[in-house]
Amino acid sequence: MTKKDVSVEIKEDILTISGERKFGNDSVDDNHYSEFSYGEFSRSFNLPEDVVKDKIQASMKDGVLAIEIPKAKQVKSKVKKVAIK
């Protein structure tokens with residue numbers, strides 16, 4: 001598959017990966033078996049609240065899709081001791 005065959009979209013808190021694997025003349029001999037089917041596909045995932053949506057990145061190399069989903073840095077709460085009178 002190539003980049004043009006795949007779409008990655010974010011709508012609200014849902015990440016959706018969709019695309020189409022087209023049937024082609026792969027150089028496959030009679031002894032080759034593939035479990036992958038051809039046609040359209042779509043998968044959706046709920047994103048956690050602590051994800052920075054503006055910084056999500058996707059890349060594709062050699063037919064492998066990689067998606068980087070960064071989390072927001074957690075702010076450590078400061079503890080302040082209060083004197084008891």
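Which residues does threonine 16 touch, not counting residues up to four places away in sequence? Threonine 16 touches Ser7, Val8, Glu9, Ser42, Arg43 and Ser44, where contact means heavy atoms within 4.5 Å. The legends below place this residue and several others in their surroundings.

This is a predicted model, in which local features need pLDDT of at least 70 and side-chain atom pairs count only at pLDDT 80 or more, while totals for chains, interfaces and linings use all residues. Residues are numbered from 1 along each chain as its sequence is written, and side-chain values use heavy atoms, with hydrogens and water left out.

**View 1. Overall composition of the protein.**
The secondary structure comprises 0 helices and 5 strands, and the elements follow one another from the N terminus as β-β-β-β-β. Helices (H or I, at least four residues) and strands (E, at least two) are DSSP runs, numbered from the N terminus. Of the 85 residues, 12% count as buried; buried means under 20% relative accessible area, exposed over 50%, and partly exposed in between (1.4 Å probe, protein chains only). The accessible surface amounts to about 8,400 Å², and carbon and sulfur atoms account for 49% of it. Accessible areas come from the Shrake-Rupley method with a 1.4 Å probe; for residues, only the protein chains shown count as cover. Among contacts between residues at least 6 apart in sequence, 40% join residues at least 24 apart.

An open sheet is formed by 3 strands in the order 1-2-3, with antiparallel pairing. Strand 1 (6-11) and strand 3 (39-46) stand at the edges with a single partner strand each, so one side of each is left without a neighbour in the sheet. From one strand to the next, the twist averages 15 degrees; axes are lines fitted to C-alpha atoms, for helices over the stretch in contact, and angles run from 0 to 180 degrees between N-to-C directions. Strand 1 is joined to strand 2 (residues 14-21) by 6 bridges, and these two strands run antiparallel. Two strands pair if DSSP finds at least two bridges between them. Within this pairing, valine 6 stands opposite glycine 19 in strand 2.

**View 2. Threonine 16 and serine 44.**
Threonine 16 lies in strand 2. Its side chain is joined to that of serine 44 by a polar contact of 3.1 Å. A polar contact is a pair of N or O atoms within 3.5 Å; within protein, one must be able to donate a hydrogen and the other to accept it, and residues adjacent in sequence count only if both atoms are side-chain atoms.

**View 3. Aspartate 5, in the segment before strand 1.**
Aspartate 5 is located in the segment before strand 1. Its relative accessibility is 15%, and aspartate 5 therefore counts as buried. With neighbours within four places in sequence left aside, aspartate 5 is in contact with Ser18, Gly19, Glu20 and Lys22.

**View 4. Isoleucine 10 and lysine 53.**
Isoleucine 10 belongs to strand 1 and counts as partly exposed, at 36% relative accessibility. Leaving aside neighbours within four places in sequence, its contacts are Leu15, Leu47, Lys53 and Ile56. Isoleucine 10 and lysine 53 are 43 residues apart along the chain, and a distance of 8.0 Å separates their C-alpha atoms.

**View 5. Glutamate 12, in the loop between strand 1 and strand 2.**
The loop between strand 1 and strand 2 contains glutamate 12. Its phi is near 60 degrees, a positive value in a residue other than glycine. Glutamate 12 has a relative accessible area of 68% and is thus exposed.

**View 6. The hairpin of strand 4 and strand 5.**
Strand 4 (residues 57-61) and strand 5 (residues 64-68) pair in the antiparallel sense, over 5 bridges. Serine 59 stands opposite alanine 66 in strand 5. The hairpin has 2 residues between the strands, and aspartate 62 is found in this loop. Aspartate 62 takes a positive phi near 55 degrees, in a residue other than glycine. With a relative accessible area of 75%, aspartate 62 is exposed.
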